[in-house]
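Let's take a friendly walk through a protein model, strand by strand. Please have the sequence and the 3D view ready.

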Amino acid sequence: MHFATPAPTTDIRIIVASTNPAKIRAVEAAFCEVFPAQSLHIQGLAVESGVRAQPMCANETLAGARNRVEHAKSQQPDAHFYVSLEAGLDEGATFAWMVIDNGQRRGESRSASLPLPPQALARLHDGEELGDVMDDMFQQQNVKQQGGAIAMLTGHRLSRSSVYQQALILALIPFMNPALYPSE
């Protein structure tokens with residue numbers, strides 16, 4: 001399957017391989033910044049990652065993001081872009097991989113890493129998910145679909161969406177500079 005990057009006047013159809021509002025907001029903000037003159041149609045789609053609900057290393061997290069993009073492409077083959085954001089752990093910190101694919105090229109980038117408190121890490125290693133741990137630690141509900149652990153630990157100076165937006169823009173570099181990044 002090959003999908004073309006849309007012409008400057010074309011509406012851009014984007015499938016986000018998640019229905020998480022924080023992830024969809026980040027995708028919308030990044031694409032609006034990179035393609036300000038274009039109309040965006042963004043749809044969240046629930047797809048499986050093929051990895052644990054809480055990926056425990058960088059490679060597993062990247063595999064989950066890549067898997068989500070492939071599953072989204074097979075379920076909705078008519079989009080211009082497929083975007084996946086997969087959060088996981090790496091050496092005591094949480095971060096996320098961003099994968100953006102249009103059938104001709106792929107962009108991948110990691111978000112900033114957020115060091116986690118030792119008690120949170122212990123619970124993650126016992127099999128809990130970060131969102132549940134943060135809900136409990138900060139007496140909140142559904143943190144992962146709002147500002148995330150990032151908002152909780154930074155006193156809302158940053159949010160999951162704001163940090164993901166930067167990484168998504170980095171993952172869009174091959175699409176902003178197609179002459180420098182060969183097609184697949």
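β4 and β6 (residues 114-115) run antiparallel and are joined by 2 bridges. This is a predicted model, in which local features need pLDDT of at least 70, side-chain atom pairs count only at pLDDT 80 or more, and totals for chains, interfaces and linings use all residues. Residues are numbered from 1 along each chain as its sequence is written, and side-chain values use heavy atoms, leaving out hydrogens and water.

Now look at the other partners of β4. With β3, β4 pairs in the antiparallel sense over 9 bridges, and the bridge partner of E86 is W97. These two strands form a hairpin with 2 residues between them, and E91 in the turn has a positive phi of about 50°. With β5 (residues 106-110), β4 pairs antiparallel over 5 bridges, and V99 stands opposite E108. In this second hairpin, 4 residues lie between the strands, and G103 takes a positive phi near 90°.

Why is β4 described as largely enclosed by the rest of the structure? The reason is that 9 of its 9 residues are buried, meaning under 20% relative accessible area with a 1.4 Å probe, protein chains only. A93, F95, W97, V99 and D101 point one way from β4, while T94, A96, M98 and I100 point the other way.

Notes. Buried < 20%, exposed > 50% of the residue type's maximum accessible area, 1.4 Å probe, protein only. Pairing = 2+ DSSP bridges.
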